[in-house]
Every structure is written in structure tokens, then in C-alpha cells.
Amino acid sequence: MLQVLPDNAIWLKDSVEHFCPADNMVILESGASVEYEFMVISMGLKPNFKGICGLKTALNDYDNVSTIYSEKYAVKTYECFQNFKRGTAVFSAPAGPIPYAAATLEIAYFASNYFRNRKQLNDVTIVYANANDALFPVDLYEDAVHRIAEKLNVCVQFGVNLVRIIPENNKAVFACTRAPENTTCLKYSFLHVCTPMEPPDALKKSKNLMTTGKFVDVDKRTLQHRKFTNVFALGDCASLPTSKTVGAISVQSYVVFKNLMNAMEGKDIEPMYDGYTASPIFTGYDSLMLAEFDYDKEPRPTFPFNIDKEKAWLFHLQYTVMPYIYWNYMLKGTWDGPETFRKIFHLEFLRLRKESAYLGCK
Ligand SMILES: Cc1cc2nc3c(=O)[nH]c(=O)nc-3n(C[C@H](O)[C@H](O)[C@H](O)COP(=O)(O)OP(=O)(O)OC[C@H]3O[C@@H](n4cnc5c(N)ncnc54)[C@H](O)[C@@H]3O)c2cc1C
């Protein structure tokens, strides 16, 4: 934290107990309070383990149930893969917004590649049980992820929501999303769970900041709070109807920065955020598909070609270049997303296309 915090920031080693936005006050766990003129909230979401009956026991006491949605169990997930010999591996995805929903599918892809590498794929059935009606919110990418799921032998089920685990019998009970009184049961050898998500307790206690759902109530274009104009929010906890990713946050942080400056200087707040988000989906040990889109579910690709295809060079870009950008630019607030590169690549692509058309004519 010290390496990435700006020199002039004061780090309070405490956590928020609740907010009093009407009094411009934050109450800390230690009992201390902090007064503010302006506030930015980015507290993320947390897994709601109680949302699935039997989950905590299954995660803590059984070595064939895990989740990458909690750092506590992420390593266990890999150990489960290593211990897995044969049978059905089930991967669940809940309804409703969660951080990086694509990871629920990506981990199934990962399992398939891992089992294939270990020559186990003939003894394994991989089921992706999804509470939603689609795999991806954008048609173009929906087709692509289906194609990849088929290639990797991942059987997809829609409209089934994991509600209960009976770990002693290796049974997962799913409610039908459209008629929750109807349930089906799947027998698993390994179960990967993504829980429903909820806001941190400090936000739950601060109802006047929140939408009736579970998010900090901000304008989706300005990121300013709809009631308290000296409050801004971004990231997973904000009420922004786009996919919750770091790629989205890189653009949101620029919008918050600009509008915070505008608010501090008494200038107009600008509606700048178009919902840009980026989901890099690892599809193999050296392939990745980069899905980028906005609030209108329109693709917003940085690279203007083959945007719905998995590529090795995208894998290496994500694996080597993005960590560098993250540590050196994103955390220091100087990476505003790929907009500048998108413009350059698209102009260059157009120029090349014109040039080749001209040469073709000649
Ligand atoms: C398995 C997985 C894979 C992912 N892969 C990708 C990916 O490949 N690409 C991508 O772009 N995104 C990915 N994401 C999504 C990305 O991690 C999140 O969108 C991003 O971390 C959200 O950032 P945030 O700041 O909103 O919340 P967080 O990263 O959750 O940070 C919130 C912070 O607030 C702190 N906090 C919470 N409560 C309090 C309190 N009461 N007081 C003080 N501090 C508090 C927390 O400790 C935490 O440090 C992935 C997510 C998961 C779970």
C-alpha cells in the first residue's frame, strides 16, 4: 500500500463502520470519525456465503468444493483440480451482478484445459450451471463463448440457480430461475461455486447512500451520487449497469477524477462515462479473447480486427503488458483506459485498408 499510495495521502489503518453523508461524516471501526468535504467510495462487493445453504460447511470441511471468488479458497480450487480423477465437475454461476461474471465460465474453461493436459478429459464431464439465460450480455461474444465452450466440452445449462449443497452426498440442488419452487439435483465429484454478492456491511448500514438494490446510488454517466452531490462512487459497489471489471474501473477512475475536480472548483459535472468495460477471457494456456463493450452492449474493441476470436498474442498482452500497466500506471492514476490506443489502431487500420484497396485497384 505504501508503495502505491501518493506521498500526500494519509493512510488511516482502520475500516469504515458506517457513513453519515447528511453530516459529511465517516464513522470508523475504532470509534473515531472523519469529516469530509468530498468523498469517493470504492468498497467492492463481498461473497454472500449464507446465500447458498450448506456452502460454508462444504467449503471448510470437504476437499471437493471450492471457489475462486474468495482469496481464502482460491488456492484450494487448484488443489481440487490436482486431486480430481474422474466424474462430474460442476461450475455454478448465480443470477445478478457479480465481479467479473466471465470468471465463472473462465474457470470451467481452465478446468477443461487442465484435464485435457492430464489426459483425463475422457473420464470427466464438465457442467456449467448458469442462473442466467445467456452466457454473455453481448450477442457477438455470446456466440464466441458458446463456440469455445463446445470446443472445450463444457456442457452449458441455463436458468438454474444453486441454492443448496449436501456435501456428505456430493449433491448440489438448483432452483429453476423462472419457477424457484422447482428444483433439480446434480451429483458432483467436484463443485466450483460462485456465490451471490452483497455490499460490505458498512454500506448495508448506510441505506441513504444506496439504491433499493445493493449499490451506491450514482448517476451512470457522471458517477456523482444522486442525492449527495459531494459523494462519488466507482467500481463494483457502484450502481453502474455494466460488467464489473478492472477494465471498467480504469475508465471510471478518470471520470471520477475529472468530475471531482469540477465539483471542487464549482464547475459543471460532465456526463462522460459510456459504460466501457473489458472482459479478458482466458480460453487456454496460450489463448485469450478480449470482450470490450459499453452500456448499449455495443462492442468497443481496442483492436479493430477478429474481435470475437481467441488469440495467442492477446494472451501474452494480458499476461505480460497488463500487469506492467496495472502497477506502473493504473495504480498511480495515469492510465485512463485504452481510448487513445483504440483511436490510433482504428485510424491505422482504416489507412491500411484504404491503401490495400488502392493497390488492389492498380
Ligand atoms: C475471480 C475473479 C477474477 C477476475 N478477473 C478479472 C480480470 O481478468 N479482469 C478484470 O478487469 N477484472 C477482473 N475481476 C474483477 C475485478 O477484480 C473487480 O472488478 C475489481 O477488483 C473491483 O475493484 P473495486 O475497487 O471496486 O473493489 P475491490 O477490489 O473489492 O476493493 C474494495 C476495497 O475496499 C475495501 N473495503 C471493503 N470494506 C471496507 C470497509 N468497511 N472499510 C475500509 N475498506 C473497506 C476492501 O478491503 C478492498 O480493499 C475479477 C474478479 C474475480 C473475483
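Predicted model: local features only at pLDDT ≥ 70, side-chain atom pairs only at ≥ 80, totals over all residues.
A polar contact here is a pair of N or O atoms within 3.5 Å.

**Entry 1: the ligand**

For valine 16, a backbone N or O atom sits 2.8 Å from a nitrogen atom of the ligand. That pair makes the polar contact cut-off, because the limit is 3.5 Å. I then found a backbone N or O atom of glycine 247 at 3.2 Å from an oxygen atom of the ligand. Lysine 244 also brings a backbone N or O atom, 3.4 Å from an oxygen atom of the ligand. How much of the ligand's accessible area does the protein cover? I get 60% of the 1000 Å² that the ligand has on its own.

Next I listed the shell. There are 19 residues around the ligand, and Val16, Tyr100, Asp236, Val246 and Gly247 come nearest. By class I count 11 nonpolar, six polar and two charged residues in the shell. Which element gives the largest share of that shell? It is helix H6, residues 246–264, with three residues.

**Entry 2: tyrosine 100**

Tyrosine 100 has a positive phi of about 45 degrees, although it is not a glycine. I flagged this because most residues other than glycine have a negative phi. The residue is in the loop between E7 and helix H3 (102–117). Is tyrosine 100 buried or exposed? It counts as buried, because its relative accessibility is 17% and the cut-off for buried is under 20%.

**Entry 3: leucine 223**

I found another positive phi at leucine 223, near 65 degrees, and this residue is not a glycine either. Leucine 223 lies in the loop between helix H5 (201–204) and strand E15 (231–233). With 0% relative accessibility, leucine 223 counts as buried.

**Entry 4: the parallel sheet**

I traced an open sheet of five strands, in the order E6-E13-E7-E8-E9, with parallel pairing. Which strands sit at the edges? Strand E6 (65–66) and strand E9 (154–157) do, each pairing on one side only.

I then walked through the pairs around E7. Strand E7 (residues 87–93) pairs with strand E13 (residues 190–192) in the parallel sense over three bridges. Valine 90 has leucine 191 in E13 as its bridge partner. E7 and E8 also run parallel, joined by seven bridges. Across that pairing, phenylalanine 91 stands opposite tyrosine 128 in E8. I checked the cover on strand E8 (residues 124–130) and found six of its seven residues buried.

For an antiparallel case I went to E16 and strand E17 (residues 287–293), which pair over seven bridges. Strand E16 (residues 277–284) is mostly covered, with seven of its eight residues buried.

**Entry 5: the annotated domain**

UniProt, in an unreviewed entry, places the feature "domain: FAD/NAD(P)-binding" at residues 116–243. Over residues 116–243 I read 15% helix and 29% strand, and the end C-alpha atoms are 30 Å apart.

I took glutamate 168 and alanine 58, which are 110 residues apart in sequence. How far apart are glutamate 168 and alanine 58 in space, C-alpha to C-alpha? The distance is 8.5 Å. Glutamate 168 is in the loop between strand E10 (160–166) and strand E11 (171–176). It counts as exposed, because its relative accessibility is 55% and exposed means over 50%.

Phenylalanine 115 is found in helix H3, and with a relative accessible area of 0% it is buried.

Notes
Residues numbered from 1 in each chain as written. Heavy atoms only, no water. Near = heavy atom within 4 Å. Polar contact = N/O pair within 3.5 Å; in protein donor to acceptor, adjacent residues only side chain to side chain. Areas by Shrake-Rupley, 256 points an atom, 1.4 Å probe, with all protein chains shown as cover. Helix = DSSP H or I, 4+ residues; strand = E, 2+ residues; numbered from the N terminus. Nonpolar A, V, L, I, M, F, W, Y, C, P; charged D, E, K, R; others polar. UniProt positions renumbered as here; feature names shortened; annotations may be inferred. Pairing = 2+ DSSP bridges. Buried < 20%, exposed > 50% of the residue type's maximum accessible area, 1.4 Å probe, protein only.
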